[in-house]
Amino acid sequence: MSQPEFATQLTPSSETFSAKESARLAPYFSNADRSVVALMNLPEVVKGALFSRYSRSAKGVRRLFLDEFLDRAEIIEPLNVFETQDSTDTARAQAEAFYARVLSDYGDDSVGELGGAHIAFQEVSQIAAKTIEDHRLGLSFLEKSSRYVPFDDKVNGQYRYYRDQTLGASPYAAQVTQHLDGLFDAYTALLPRMMQYLEETHPIADIEFENALTGAVEKFARIDDAEFQRSAAFAYKQAVRAQACDLLRCFLPLATLTNVGVWGNGRALEYLLLHLLADPFAENRLLGRAGAHELANVIGPFIKRADDDRGKLLQAYLQTRRATQTKLARAFLDQTAPPVAHNPSAKALLARYDADAMDAVVGAILFSASALPKQTVAARVQTLSAAQKEEIVRAYVGERQNRRHKPGRAFEHARYEFDLLINIGEFRDLQRHRVVTPDRQAYTTAHGYDTSAQIEAVPAIRDAYHAAMARADRLYRALASDLPNEAQYVVPFGYRVRYNIELNLRELYHWCELRTTEQGHPDYRLTSQQMYYAVRAVQPALVAGMTFVNLEPNPPMSRLRAEMRSAKKRMSANLTARA
Ligand SMILES: Cc1cc2nc3c(=O)[nH]c(=O)nc-3n(C[C@H](O)[C@H](O)[C@H](O)COP(=O)(O)OP(=O)(O)OC[C@H]3O[C@@H](n4cnc5c(N)ncnc54)[C@H](O)[C@@H]3O)c2cc1C
């Protein structure tokens, strides 16, 4: 078989296989003769067990698989089972017993990271989605967009929101239903009105589009090519719809159902399930049980400790810790203190930062390129002038061509803590950053709500919005003393939440540059710009390299340019296909 051109430069693989062995390996390994090889078509638990054994063996992974795995009935049968989908409980149980033995003989906790699974949590509330996405290490998420998918459809005549059983059995059940239906009725009815407003204020005829074929930029009214016109009109429609969804999501309550796709390694998934099982919300505990049940079929041995005796002990510890925090806050804080008046230009307060961040960063830049102890490097850094330190940082950041050219780990030595007071809609977006230490308070109506120029500009929308927010506040307050958790389902995204984050300078670059891009949501663009300005005010030299932060005000049609780019690509692909 022909080899890729790099193959001769690799250290030759010391594993050799007969033709028969190579044929047996073929379904499971990407090659039989090179020293870099990928695993394929194996159940996650087999991969985990194989790698676990690999750490204690002098053999290569393919030889190990042939010698110790492939001839075992417990392995072969499930492989056939997985291939034919004709599952038998006995084969599965045998296989699991084998994996468990290998894992306990050769593994430690980190073996759980050697296999992974995809799981979809569908039709879950926003509260559940955020609880799931609150986990950071080892997990990747993708959630239904509130920008591209309108939440106006009904299933069996009912809007898509979570119906909590405790709320349903409470004396407030009818009020809760009326309130949630009312929010969705308003959202549904006002979506076309908001689109109409956007079309009136930014008429398509005045907007310039770029022809993918000729590169010519023309106002829509002057386009004569039918294909170009269709493509431009589609981009415009998409942008208007996305913008209207962005603006009206403030009506949506935390009960709104969403879908979350999760990819994670076994250890991270086990931890996620354990946390869900110990969560104060009944919905989350139920999702923990459901998730454990479904994943048992895929990576059973990796997640079984989420709810065994040891898992239950840890769940109890988490619950006690949470209850203790509540008691401590009650004992040591004056909860009746009046809230600080909201100032929209102070959504992001820099609560704490390292005063010696410059020295720490410069020290880290020099350390890894030297052979000196850190203390010696740090002492030398203290003797440098401010100009020299700035020069070092500037040179280290270098010429960044785009935001993906990120400064290196030295920037992780400077930390910042921000106190964010932001609406729940933007919190939902910003909460997705995993390289931060996040802390959120309960959702409430106590901090007031945000509005936007566009909502205020259309009297029908404005009046409906303020009336809906007032109703939400009344209902939340009525519920909160008896049902503090369940009450949170009725709070709409327009209300504010306190979100505290600590992040390092490297993540600050990523966050501010990503979240201020033109197509970002106007609300989090503003918050992220404020974060940048707050650091620039105290440590300008450390953010001087943040050249891709976008400090322009929100564009009137934030999605338009991105949609036009997609339209151009689509058009260009169509033209190529036709050519
Ligand atoms: C315009 C826009 C639209 C979006 N639309 C959607 C949407 O429709 N649905 C949706 O679910 N999300 C959406 N997102 C959110 C997006 O998917 C990410 O969740 C979000 O950007 C935060 O993740 P991050 O990787 O950028 O940053 P962080 O989580 O802060 O991580 C920082 C960096 O660390 C690395 N990193 C962190 N964790 C991992 C990991 N587990 N594996 C590998 N590398 C890692 C990556 O390099 C990453 O960029 C959108 C974001 C933007 C800006």
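Q: In this predicted model, how many Å separate the centres of domain 2 and domain 3, taken over C-alpha atoms?
A: The protein is divided into domain 1 (7-114), domain 2 (118-146 + 255-332) and domain 3 (344-443 + 495-548). Taken over C-alpha atoms, the separation between the centres of domain 2 and domain 3 is 29 Å.

Q: What classes of residue make up the side of domain 2 that touches domain 3?
A: The centres of domain 2 and domain 3 are 29 Å apart. The contact takes 4 residues from domain 2 and 4 residues from domain 3. By class, the side belonging to domain 2 has no nonpolar residues, 1 polar and 3 charged.

Q: Between which domains does the ligand lie, and why?
A: The shell around the ligand receives residues from two domains. Because both of them contribute, the ligand lies between domain 2 (118-146 + 255-332) and domain 3 (344-443 + 495-548).

Q: Which element gives the largest share of the shell around the ligand?
A: Of the 14 residues around the ligand, those that come nearest are Glu143, Ser145, Arg432, His433 and Arg434. Two or more residues of the shell come from each of E2 and helix H19 (505-515). With 4 residues, the largest share belongs to E2.

Q: How many residues of the shell around the ligand are polar?
A: The shell is divided by class into nonpolar, polar and charged residues. There are 4 nonpolar and 4 charged residues, and the number of polar residues is 6.

Q: Which residue in E7 does Phe121 stand opposite?
A: E1 and strand E7 (residues 257-265) run antiparallel and are joined by 8 bridges. In E7, the residue opposite Phe121 is Val260.

Q: Is Glu123 buried, partly exposed or exposed?
A: Glu123 is placed in strand E1 (residues 116-125). Although Glu123 is not a glycine, its phi is positive, at about 55 degrees. Because 13 C-beta neighbours lie inside 10 Å, Glu123 counts as partly exposed.

Q: How many bridges join E9 to E11?
A: Strand E8 (residues 348-353) pairs with strand E9 (residues 415-423) in the antiparallel sense over 5 bridges, and Leu350 stands opposite Phe418 in E9. E9 and E11 also run antiparallel, with Asn423 opposite Arg496 in E11. The number of bridges joining E9 to E11 is 9.

Q: What distance separates the C-alpha atoms of Asn500 and Leu420?
A: Asn500 lies in strand E11 (residues 496-504) and counts as partly exposed, with 17 C-beta neighbours inside 10 Å. Residues up to four places away in sequence aside, Asn500 touches Glu417, Asp419 and Asp439. Asn500 and Leu420 are 80 residues apart along the chain, and their C-alpha atoms are separated by 5.8 Å.

Q: What percentage of the residues of the protein count as buried?
A: The protein has 22 helices and 11 strands, and its C-alpha atoms fill a box of roughly 80 × 65 × 65 Å along the principal axes. Among contacts with a separation of 6 or more, 77% are between residues 24 or more positions apart. Of the 579 residues, the share that counts as buried is 38%.

Key:
Residues numbered from 1 in each chain as written. Predicted model: local features only at pLDDT ≥ 70, side-chain atom pairs only at ≥ 80, totals over all residues. Buried ≥ 20, exposed ≤ 12 C-beta atoms within 10 Å, placed from the backbone. Pairing = 2+ DSSP bridges. Near = placed C-beta within 6 Å. Nonpolar A, V, L, I, M, F, W, Y, C, P; charged D, E, K, R; others polar. Domains from an automatic or database assignment. Contact = placed C-beta atoms within 7 Å.
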